[in-house]
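Colleague: I would like to learn how to read a model of this kind, one feature at a time. Please give the general idea first and then the case at hand.

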Amino acid sequence: MMSVEQVRNRLILAARVIITDHWPRPARPDWCPICHCDWQCFPTVTAYAYLRDVGRGRWIPPHISHREHRDGQPGPG
């Protein structure tokens, strides 16, 4: 049986995977490649809300540089 802390850590990891998978590609910075809709899609918004609720908000996928984020590319909303 998993502890509460283990469940929380798995949910944080799951939220980060969702955000990474739904992050826009350079060719269409305003489009979710999974949901095929405007970014930020519902799964991304929900994942960010969870991270914010557990004190881990403002997370950016590791493949996105801080420079890209500052230059107006999509970021946590």
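**Reading the model**

Modeller: Start with valine 54, which counts as partly exposed at 21% relative accessibility. The model is a predicted one.

Colleague: Why is valine 54 partly exposed and not buried?

Modeller: Buried means under 20% relative accessible area, and exposed means over 50%. Valine 54 has 21%, so it falls in the class in between.

Colleague: Where is valine 54 found, and which residues does it touch away from its own stretch of sequence?

Modeller: Valine 54 is in the loop between helix 2 and helix 3. Not counting residues up to four places away in sequence, valine 54 touches Arg8 and Ile12.

Colleague: Let us step back to the overall layout. How many helices and strands are there, and in what order do the elements run?

Modeller: The protein has three helices and two strands. From the N terminus the order is α-β-β-α-α. Of its 77 residues, 27% count as buried.

Colleague: What share of the contacts joins residues 24 or more positions apart?

Modeller: The share is taken among contacts with a separation of 6 or more, and such residues account for 51% of them.

Colleague: How do I check the length of a helix, and what does helix 1 give?

Modeller: Compare the expected span with the distance between the end C-alpha atoms. Helix 1 covers residues 4-22, and at 1.5 Å a residue its 19 residues should span 27 Å. Its end C-alpha atoms are 27 Å apart, so the two values agree.

Colleague: Which residues of helix 1 are buried?

Modeller: They are Ile12, Ala15, Ile19 and His22. Seen down the axis of helix 1, the buried residues fall within an arc of 105°, so they line one face of the helix. Arg10 and Leu13 are exposed on the other side of helix 1.

Colleague: What do the buried residues of helix 1 pack against?

Modeller: They pack against strand 1, residues 31-32, and helix 2, residues 42-53.

Colleague: Take one of those residues, histidine 22. Is histidine 22 buried or exposed?

Modeller: Histidine 22 is buried, because its relative accessible area is 9% and the limit is 20%. Leaving aside neighbours within four places in sequence, its contacts include Cys32, Cys35, Trp39, Cys41 and Thr44.

Colleague: Which residues is isoleucine 19 in contact with, leaving aside neighbours within four places in sequence?

Modeller: Isoleucine 19 is in contact with Thr44, Ala47, Tyr48, Leu51, Trp59 and Pro61.

Colleague: Now the rings. How many aromatic pairs does the structure hold, and which residue lies over the face of tryptophan 31?

Modeller: There is one aromatic pair. Arginine 28 lies over the face of tryptophan 31, at 4.1 Å from the ring centre.

Colleague: Last, the backbone. Which peptide bond is cis, with omega near 10°?

Modeller: That is the bond from tryptophan 39 to glutamine 40. Glutamine 40 is in the loop between strand 2, residues 37-38, and helix 2.

Colleague: Which residues other than glycine have a positive phi?

Modeller: Among them are histidine 36, with phi near 60°, and arginine 58, with phi near 65°. Histidine 36 lies in the loop between strand 1 and strand 2, and arginine 58 in the loop between helix 2 and helix 3, residues 66-70.

Colleague: Are histidine 36 and arginine 58 buried or exposed?

Modeller: Histidine 36 is exposed, with a relative accessible area of 54%. Arginine 58 is exposed too, at 58%.

Terms used:
Residues numbered from 1 in each chain as written. Predicted model: local features only at pLDDT ≥ 70, side-chain atom pairs only at ≥ 80, totals over all residues. Heavy atoms only, no water. Helix = DSSP H or I, 4+ residues; strand = E, 2+ residues; numbered from the N terminus. Expected span 1.5 Å × (residues − 1). Buried < 20%, exposed > 50% of the residue type's maximum accessible area, 1.4 Å probe, protein only. Arc of directions from axis to C-beta. Contact = heavy atoms within 4.5 Å. Phe/Tyr/Trp six-rings, centres within 6.5 Å; stacked < 30°, edge-to-face > 60°. Lys NZ or Arg CZ within 6 Å of the ring centre and 35° of its normal.
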